[in-house]
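Please read this report alongside the sequence and the coordinates. It covers the chain as a whole and then selected elements.

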Amino acid sequence: MDNKIFIVAKREYLERVRTRAFLLATLLVPLFISAVTLVPIYVAAKSGTSPASRKVRILDATGAGLGTRIATSFRVDKTLSDTVTGPFVVNVPSAELAKAEADASREVIAPKGLTGYLVVDDSTLNGDRARYVGRNASSLGEMDRLRSAVRQGVTITRLEREGVKPEIVAQVSKNSLQMSTEKLTEKGRGGGGVAGLLGGLLVGILLLMSIIMHGQNILRGVLEEKTTRVAEIVISSVKPDSLLAGKILGVGGVALTQIVAWLALTGYLTSFFVPIVLKAAGATSGELGGNPSASSVLGGMAVGVLLISLAYFVIGFLFYATLFAAAGSMVSNEQEAQQAAQPIIILMMTGWIFVNPVLLNPNSTLAVVLSWLPWVSPIIMPIRMGLTSVSPLSIAGSMLVALLGSFGAMWLAARIYRVGMLMYGKKPSFAELAKWIRYA
């Protein structure tokens, strides 16, 4: 490597990591991600023990004790007194069900009254339907728990009717199945399915954040050097290609440093605070399907997938950073810079437009084609690797194409940068850009 490239990269790296903005972003982003992770965990854990969610009246018109079984299944928090919270069961003859519903409706409407009421009858025992009316009817989490309790109560009641042994029925009623997922490929076992998916999405999100933050910094830095005529002095002693390469490597090192810090701090914060949050909410990690922290996601990824995803991140960052540097050398003021950056951002967002179809079918023709396009493969390929088995040949080919795309972008950006840093006035047209590339 040219010694001058290293000197420029070192200057760019040290100049940025010593700024207050870098330190604040490095500390605040993990705090934000941890808060976004911990708040839903707390809400999910707390909602299971909420007294309001259990102030429900069950109107049982089956005569088979179905309401009692549903109430027992719904009481997930045994520490709350049954004299304070329900669900409360009222056995009602079928002829008096309408009156009981009317009375329950008035209590739901009344201030500090019931949260809602559930009606179960013979059609519920037949597996057809049950009816719930209440203030929390739009709460997906609470309705899902209530639906599960009804399903379990119906199953137990029908088993008893069929003469299944009481001890077997008791065992079935206590079942709480947790299913783990693990990928299995021709190379063996490796990484949880959900962890791989989340890891791939994490790489794409980090790439997007880094490009938005550091790519714009490259653009503004190049523009500032051009408008203040500093570039003319620097170019007299350093080749434009070396200057551009040093800038990209230096800022790329800043981005990589920041991402490592984000991952480490976020993993530590979530691992440290998840048990505290669950304890405060009166729940355990087992009730939420394991330890839902960022460190568990990264730990569940296969090492190879994680390393390849990071390699794609570096390649993708180099691709877009060079384009931002070229855009900065083309313009002469901030307004033109914003206009020049828009096509690059649109190009980057094309990968996110197709994320949903890839998630639904990672082996589709669309997903395979996108994983070979250098401007979207750093986003699409890690997601595909987290969802399905991708052959090593496809990964190697896609990465090679992405590398060639990055080198092509660097070659193109270097030719634009070489001329653009010494050109002032109006923004060049496409024809003028073609001349710059041809004669640089």
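## Basis

This is a predicted model, in which local features need pLDDT of at least 70, side-chain atom pairs count only at pLDDT 80 or more, and totals for chains, interfaces and linings use all residues. Residues are numbered from 1 along each chain as its sequence is written, and side-chain values use heavy atoms, with hydrogens and water left out.

## The chain as a whole

The protein chain holds 18 helices and 6 strands. Both kinds of element are DSSP runs numbered from the N terminus: helices are H or I with at least four residues, strands are E with at least two. The chain has 440 residues, and 43% of them count as buried. Buried means under 20% relative accessible area, exposed over 50%, and partly exposed in between, with a 1.4 Å probe and protein chains only.

The accessible surface of the protein chain is about 22900 Å², and carbon and sulfur atoms account for 65% of that. These areas come from the Shrake-Rupley method with a 1.4 Å probe; for residues, only the protein chains shown count as cover. Contacts (heavy atoms within 4.5 Å) between residues at least 6 apart in sequence join residues at least 24 apart in 73% of cases.

## Helix α1

Helix α1 covers residues 3-17, and its 15 residues should span 21 Å at 1.5 Å a residue; the end C-alpha atoms are 21 Å apart, which agrees. The expected span is 1.5 Å times one less than the number of residues.

Which residues of α1 are buried? They are I5, V8, A9, E12, R16 and V17. Seen down the axis of α1, these buried residues fall within an arc of 145°, so they line one face of the helix. The arc is that of the directions from the helix axis to the C-beta atoms. An α-helix has 3.6 residues a turn, so residues three or four places apart point the same way.

Strand β1 (residues 56-60) has 5 of its 5 residues buried. V56, I58 and D60 lie on one side and R57 and L59 on the other, so both faces are covered. Two strands pair if DSSP finds at least two bridges between them. β1 runs parallel to strand β3 (residues 116-120), with 5 bridges, and parallel to strand β2 (residues 88-91), with 4 bridges. In the β2 pairing, I58 stands opposite V89.

On the β3 side, R57 has Y117 as its bridge partner, and L59 stands opposite V119. β3 also has 5 of its 5 residues buried, with G116, L118 and V120 on one side and Y117 and V119 on the other. β3 pairs in the antiparallel sense with strand β4 (residues 131-134) over 4 bridges; there, the bridge partner of V119 is R131.

T322 is in helix α12 (residues 303-330). Its relative accessibility is 0%, so T322 counts as buried. Not counting residues up to four places away in sequence, T322 touches I248, A409, M410 and A413. F407 is 85 residues from T322 along the chain, and their C-alpha atoms are separated by 9.5 Å.

The whole structure contains 2 aromatic pairs. One of them joins F319 and Y320: the ring centres are 5.1 Å apart and the planes are at 80°, so the pair is edge-to-face. Rings of Phe, Tyr and Trp (its six-membered ring) pair if their centres lie within 6.5 Å; planes under 30 degrees apart count as stacked, over 60 as edge-to-face and the rest as tilted. F319 is buried at 8% relative accessibility, and Y320 is buried with a relative accessible area of 2%.
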